[in-house]
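Q: Please take me through this structure. I would like to know what each label rests on.

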Amino acid sequence: MKEINLQKISFEDALAQLENLVRELESGKIKLDDAVEVYERATALKKICQDKLKAAQLKIEKINVAADGTVSGELFATDEE
């Protein structure tokens with residue numbers, strides 16, 4: 001399995017790798033020791049994707065335009081708040 005620096009991987013690359021690993025695990029054609037390694041890597045990639053999504057969500061602002069034309073911004077509300 002090709003090692004990639006997970007600290008510098010983009011969201012899109014992490015997601016693509018995660019999808020490939022899931023397909024590999026679902027195929028049932030993988031040895032147990034390899035499956036454990038693939039599962040651990042998939043778990044790490046899943047966490048990276050979640051962290052990157054959360055970071056992006058925190059950067060998003062809702063833009064409000066009042067009737068008088070003034071513009072203001074507020075942080076995007078999440079389900080966790």
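A: Start with the elements: helices (H or I, at least four residues) and strands (E, at least two) are DSSP runs, numbered from the N terminus. This is a predicted model, where local features need pLDDT of at least 70, side-chain atom pairs count only at pLDDT 80 or more, and totals for chains, interfaces and linings use all residues. Residues are numbered from 1 along each chain as its sequence is written, and side-chain values use heavy atoms, with hydrogens and water left out.

Q: What makes up the secondary structure of the protein?
A: Two helices and two strands. From the N terminus they run α-α-β-β.

Q: How do you know that the span of helix 2 agrees with its 28 residues?
A: The expected span is 1.5 Å times one less than the number of residues. For helix 2 (residues 32-59) that should give 40 Å. The end C-alpha atoms are 41 Å apart, so the two values agree.

Q: Why is Arg41 called buried?
A: Buried means under 20% relative accessible area, exposed means over 50%, and partly exposed lies in between (1.4 Å probe, protein chains only). Arg41 has 9% relative accessibility, so Arg41 counts as buried. Arg41 sits in helix 2. Other buried residues of helix 2 include Ala35, Val38 and Leu45. In the protein as a whole, 19% of the 81 residues count as buried.

Q: What do the buried residues of helix 2 pack against?
A: They pack against helix 1 (11-27). Contact here means heavy atoms within 4.5 Å.

Q: What makes the link between Arg41 and Gln17 a polar contact?
A: A polar contact is a pair of N or O atoms within 3.5 Å; within protein, one must be able to donate a hydrogen and the other to accept it, and residues adjacent in sequence count only if both atoms are side-chain atoms. The side chains of Arg41 and Gln17 are joined at 3.0 Å.

Q: Why is Leu25 called partly exposed?
A: Leu25 has 29% relative accessibility, so Leu25 counts as partly exposed. Leu25 is found in helix 1.

Q: Which residues does Leu25 contact, leaving aside neighbours within four places in sequence?
A: Ala35, Val38 and Tyr39. Leu25 and Tyr39 are 14 residues apart in sequence and 7.8 Å apart in space, C-alpha to C-alpha.

Q: What makes Lys47 and Asp51 a salt bridge?
A: The rule asks for a side-chain nitrogen of Lys or Arg within 4 Å of a carboxyl oxygen of Asp or Glu. The closest N and O atoms of Lys47 and Asp51 are 2.8 Å apart, and the pair forms a salt bridge. By this rule the count comes to one. The two residues are four apart in helix 2, so about one helical turn separates them. Lys47, at 48%, is partly exposed. Asp51, at 41%, is partly exposed too.

Q: Why is Ile63 called exposed?
A: Its relative accessible area is 63%, so Ile63 is exposed. Ile63 lies in strand 1 (residues 61-65).

Q: What makes the nonpolar surface patch?
A: Patches are made of residues with over 30% relative accessible area and no salt bridge: like charges are joined within 9 Å, nonpolar side chains (Val, Leu, Ile, Met, Phe, Trp, Tyr) within 5 Å. Here Ile63, Val65 and Val71 make a patch of about 330 Å². Accessible areas come from the Shrake-Rupley method with a 1.4 Å probe; for residues, only the protein chains shown count as cover.
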